[in-house]
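Open the model in your viewer and keep the selection tool ready. This tour moves from stop to stop, and each stop says what to select.

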Amino acid sequence: MEEFTGRVGVVTGAANGIGYAIARSLVNGGATVVVADVAGADEAARALTLEGPGKAVGIRCDVTSEEDVAAAAAAAVEHGGSLDHWVNNAGFTRDMTMRRMTLEDFRAVIDVHLVGGWLGTRAAAAVMREQGRGTIVNISSTSAKTGNPGQTNYSAAKAGLIGLTKAAAKELGHLGIRVNAVQPGLVRTPMIEKLKPEILEARLADTPLGRFGEVEDVADTVSYLLSDRSAFLTGAVIQVSGGRHM
Ligand SMILES: NC(=O)c1ccc[n+]([C@@H]2O[C@H](COP(=O)([O-])OP(=O)(O)OC[C@H]3O[C@@H](n4cnc5c(N)ncnc54)[C@H](O)[C@@H]3O)[C@@H](O)[C@H]2O)c1
């Protein structure tokens, strides 16, 4: 039997990048996974199911919509009979200095990462509290810790997710629900393709392990936090950055 056999999880933003790798590690571990994304969810779910041994279902979900997030939680129960794991991963960047950033740019990034993360945590906890168990992981970023120029919106949203993680861990621990966060450094996904080559070089030079992260590096840590192997961890923030910004 695989580690996640009989378990059901929702991963937001799982049609691509880090979210897809997290969904893949759950499906490979035997879980049923709801791929919740604004685009490409069905296609990703089909590819994941082909790999197995678990299965995936796709649902169009905008994490900034209360109704969509509730529907993703309901889909987990409908297709798998429970909701054991939830990962708040969906998001995007709108980098620019404050001189150029509009209020709309600021709000959009806060909305997708922080409001989306709160909606997901709340919807998951509502089901998990009835079951008396569940694990939630929030994908933050090292930008939350250091603050990055051009990312006042993103750094604020990702730092907010840490506060949310800790407050929720305190509220939900007595119900058997654990809430933890991961802070990836630079991971090779389309999100970082927007960065200038000289910026990427400088960041690499500052990384003790001398390479960029791969999506699997993050997925491995997330799957540990979702699993029973981390049974005594809650409110923890684990940095997956090759040692950059330790
Ligand atoms: N790539 C990195 O270097 C890095 C570093 C630190 C943190 N992160 C975080 O990891 C997470 C995943 O990033 P990635 O690099 O895999 O990005 P990605 O662009 O490859 O994937 C993001 C996914 O989120 C989806 N998405 C966007 N808005 C959405 C919404 N409103 N509702 C539902 N889904 C939505 C997109 O469709 C996409 O599938 C993000 O939260 C990101 O901030 C990434």
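Select Lys158 and the ligand together. An N or O atom in the side chain of Lys158 sits 2.9 Å from an oxygen atom of the ligand. Keep in mind that this is a predicted model.

Now ask how much of the ligand the protein buries. On its own the ligand exposes 830 Å², and the protein buries 91% of that.

Then pick Cys61. One of its backbone N or O atoms lies 3.4 Å from a nitrogen atom of the ligand.

Seven of them form an open sheet, in the order β3-β2-β1-β4-β5-β6-β7, with parallel pairing. Which strands stand at the edges? Select β3 (55-60) and β7 (237-240): each has a single partner strand, so one side of each is left without a neighbour in the sheet. Look along the sheet to see its twist, which averages 20° from one strand to the next.

Zoom in on β4 (residues 85-88) and β5 (residues 134-139). The two run parallel and are joined by four bridges. Select Trp86 to find one position in this part of the sheet; Ile136 in β5 stands opposite.

**Helices on the sheet**

Bring back α4. This helix packs on the sheet and touches β4, β5 and β6 (177-184). The direction of α4 makes about 175° with that of β4.

Now take α6. It also packs on the sheet, with β5, β6 and β7 as the strands it touches. Compare the direction of α6 with that of β6: the angle is about 160°.

**Two backbone details**

Go to the loop between α2 (41-51) and β3, where Pro53 is found. The peptide bond from Gly52 to Pro53 is cis, with omega near 0°.

Finish in the segment after β7 by selecting His245. His245 is not a glycine, yet it has a positive phi of about 60°.

Terms used:
Residues numbered from 1 in each chain as written. Predicted model: local features only at pLDDT ≥ 70, side-chain atom pairs only at ≥ 80, totals over all residues. Heavy atoms only, no water. Polar contact = N/O pair within 3.5 Å; in protein donor to acceptor, adjacent residues only side chain to side chain. Areas by Shrake-Rupley, 256 points an atom, 1.4 Å probe, with all protein chains shown as cover. Pairing = 2+ DSSP bridges. Axes fitted to C-alpha atoms, helices over the stretch in contact; angles between N-to-C directions. Contact = heavy atoms within 4.5 Å.
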